[in-house]
Amino acid sequence: MTATSSPSVTDLLHAAVSAVGGSERPGQVTMAEAVAAAIDDGSHLLVQAGTGTGKSLGYLVPALAHGERVVVATATLALQRQLVERDLPRTVDALHPQLRRRPQFAMLKGRSNYLCLHRLHEGVPQDEEEGLFDPLESAAPTSKLGKDLLRLRDWADETESGDRDDLTPGVSDRAWAQVSVTSRECVGASKCAYGAECFAEAARERAKLADVVVTNHALLAIDAIEGAPVLPGHEVLIVDEAHELVSRVTGVATGELTPGQVNRAVRRAAKLVDEKAADALQTAAESFERLMELALPGRLEEIPEDLDHCLMALRDASRTVISSIGNTRDKSLQDEDAVRKQALASVENVHAVAERIVARSEYDVVWYERHDRFGASLRVAPLSVSGLLREKLFSERSVVLTSATLKLGGDFNGVGASLGLAPEGVEGDDLPSWKGVDVGSPFDYPKQGILYVARHLAQPGREGNRTDMLDELAELVEAAGGRTLGLFSSMRAAQAAAEALRGRLDMPILLQGEDTLGELIKNFAGDTRTCLFGTLSLWQGVDVPGPSCQLVVMDRVPFPRPDDPLMSARQRAVEDAGGNGFMSVAATHAALLMAQGAGRLVRASGDRGVVAVLDPRLATARYGSFLRASMPDFWYTTDRNQVRRSLSAIDAAAKAEGK
């Protein structure tokens, strides 16, 4: 086929949309053309595509037409599965007659997502988790763990992928840990008796042959940060759900030390090194454990002297153990390679985190955290990942970032800055050039939705009983006849609201944590009188079109907690550089969450409803207009009576249709 007769991206999109039984939308065409142009000239693109645009086809069609290898990275499992099981097979079939080739696609995840046959058949190296697992329980086939392990054995014989997400129903993290390894613990395909059948290796081989590789943000971050390439070479990177990228990369770049983890490293290494090396690590671990018992949560602006000494001792003892493990062989050890790799992985992690904290980089933030169940941990995270992303992500390839929420306060520059991009249009030698495109949404937001701000309520304090907010919430839910998704800024607030309303209203109120998220969403969608209350993590995972979700309530503007060590450090760094820390960190964080939260309301062209924010600051504070400009363009009001009437009317209309 000559270049001149190549089908246009518009023709290809038309064929793909017809094949899936959809109808073309102007925003989707604009998006596909913008993505094709960015890929062709090797530039970078940020594209905001509202719910209902059909954005996955908007980037898959130009990606498949391009012909070179493309990596698509997404944040959620649901979207990865949708791409590989539904969108890609249909699109490849639809484009085949015009492209005259059938592009291959594959999914690739981190190694610990795949069943390890070596672990399954040889068992976990014997020093594992003393005291954490009861050996009797582990062995008892009647226990939950025993049943899960028996199921995994049967599944291993029938699965083609070995991918944890293909196992339904799933198993506990504890059971999965018995049959999986991290990349650091893997003995390597060439040394492994099961190397030829390895699921993770097979996935990597499939990815090397594929034209489109679907992966997740975490693996993309590991590929960028750790320097050892996990993903095959690619010309084009498409990041979907791109509003999540910075927090996922930050997560991968965060180091943690806990007493349990350090003690595990000591136990694993003790059998492999001489007594002197083992004792030094044991002593350092004991003093670390004593210090952590006294640790108070919060940022460590300076590393206290006792912690500094302790971390240096851990670092030095770990280094000695690492070099000793490399030099000793012990034929009496069963499955020596696996035992050695597991011990090395544990000790290397302790060494890396201790060394990083002792190095006191001005670009790192260090803090103590306390967890009710897991005790204290010491954590270190980068102050910013923007430099890392600019250098590792944008220098080698054309990058397309897309999401329903990339424009905050009316432009792309806030999200762009967090990704390491200069303001749009600013040119410079080291500055990646990019452009932002908003392709809109097929929905008529001013007609389909109302944004209501409860201006008359008292401003929420840091703590305290918000009885006026609970009264308002109860009245709104009653007017809506249920049909409510309640999004709260903390789990405590969600629990308090569920408790209060269960006592007042005669309708089912589901609460996050009382069942799996999948079950909660199914039950919420299945009964229009039901309400679902949850916290921030729910805001992005709920897709319930139709009359089951006609009221979305947010209890307050979701600013980061004032005592969040990383967010407050980032805010101060912006201020020290002469910027507005509150707007670029706290307000941007809140805007993103509110935009995502408000996006739960209108999921289809027939949806109607109200987003109610029970925090007067959205109407009264100076930053209120920035937050509102980040949300869908709903009809805006602060009139509580008007909103009650609208909710009652929407409820009555749905009931009249028998819903």
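Q: Where does Pro-169 lie?
A: Pro-169 sits in the loop between helix H7 (144–158) and helix H8 (173–177). Keep in mind throughout that this is a predicted model.

Q: What makes the bond between Thr-168 and Pro-169 a cis peptide bond?
A: Look at omega: for the bond joining Thr-168 and Pro-169 the angle is about -10°, and the bond is cis. As background, most peptide bonds are trans.

Q: Why is Arg-360 called partly exposed?
A: The relative accessible area of Arg-360 is 42%. Buried would need a value under 20% and exposed a value over 50%, so Arg-360, at 42%, is partly exposed.

Q: Which other arginine has a positive phi, and how is it placed?
A: Arg-483 has a positive phi of about 55° although it is not a glycine. Arg-483 belongs to the loop between helix H19 (467–480) and strand E13 (484–488).

Q: Is Arg-483 buried or exposed, and how do you know?
A: The relative accessible area of Arg-483 is 1%. The cut-off for buried is under 20%, so Arg-483 is buried.

Q: What makes Thr-250 a buried residue?
A: Thr-250, which is in helix H11, has a relative accessible area of 7%. Since buried means under 20%, Thr-250 counts as buried. Leaving aside neighbours within four places in sequence, Thr-250 is in contact with Pro-382, Val-385, Leu-566 and Arg-570.

Q: Which residues of helix H11 are buried, and how do you know on which side they lie?
A: In helix H11 (residues 245–252) the buried residues are Leu-245, Val-246, Val-249 and Thr-250. They cover an arc of only 130° around the axis, which puts them on the same side of H11.

Q: What lines the largest cavity?
A: The lining of the largest cavity has 23 residues, and those nearest its centre are Cys-116, His-118, Val-181, Cys-186 and Val-187. Helix H5 (117–122) and helix H15 (336–358) each supply at least two lining residues, with the largest share, three residues, coming from H5. By class, this lining has 14 nonpolar, five polar and four charged residues.

Q: Which residues line the second largest cavity?
A: Among them are His-217, Leu-220, Ala-221 and Ala-224, together with Leu-245, Val-249 and Lys-392. Helix H10 (217–225), H11 and helix H16 (386–392) each supply at least two residues. H10 gives the most, with four residues. The lining of the second largest cavity divides into eight nonpolar, one polar and one charged residue.

Q: Why is Ala-653 called partly exposed?
A: Ala-653, in helix H26 (residues 640–656), has a relative accessible area of 38%.

Q: How far apart are Ala-653 and Pro-547 in sequence and in space?
A: Ala-653 and Pro-547 are 106 residues apart in sequence, and their C-alpha atoms are 9.7 Å apart in space.

Q: How many helices and strands are in the chain, and what makes the chain as compact as a globular protein of its length?
A: The chain has 26 helices and 18 strands. Its radius of gyration is 27 Å, close to the 26 Å that the globule rule gives for 659 residues, so the chain is as compact as a globular protein of that length. The C-alpha trace spans about 75 × 70 × 60 Å along its principal axes.

Q: What share of the chain counts as buried?
A: Of the 659 residues, 52% count as buried. As for contacts between residues at least 6 apart in sequence, 77% join residues at least 24 apart.

How values were computed. Residues numbered from 1 in each chain as written. Predicted model: local features only at pLDDT ≥ 70, side-chain atom pairs only at ≥ 80, totals over all residues. Heavy atoms only, no water. Buried < 20%, exposed > 50% of the residue type's maximum accessible area, 1.4 Å probe, protein only. Arc of directions from axis to C-beta. 1 Å grid on protein atoms, 1.4 Å probe; cavity = no way out; pocket = protein on both sides within 12 Å on 5 of 7 lines; lining within 4 Å. Nonpolar A, V, L, I, M, F, W, Y, C, P; charged D, E, K, R; others polar. Contact = heavy atoms within 4.5 Å. Rg over C-alpha atoms; globule rule 2.2 N^0.38 Å.
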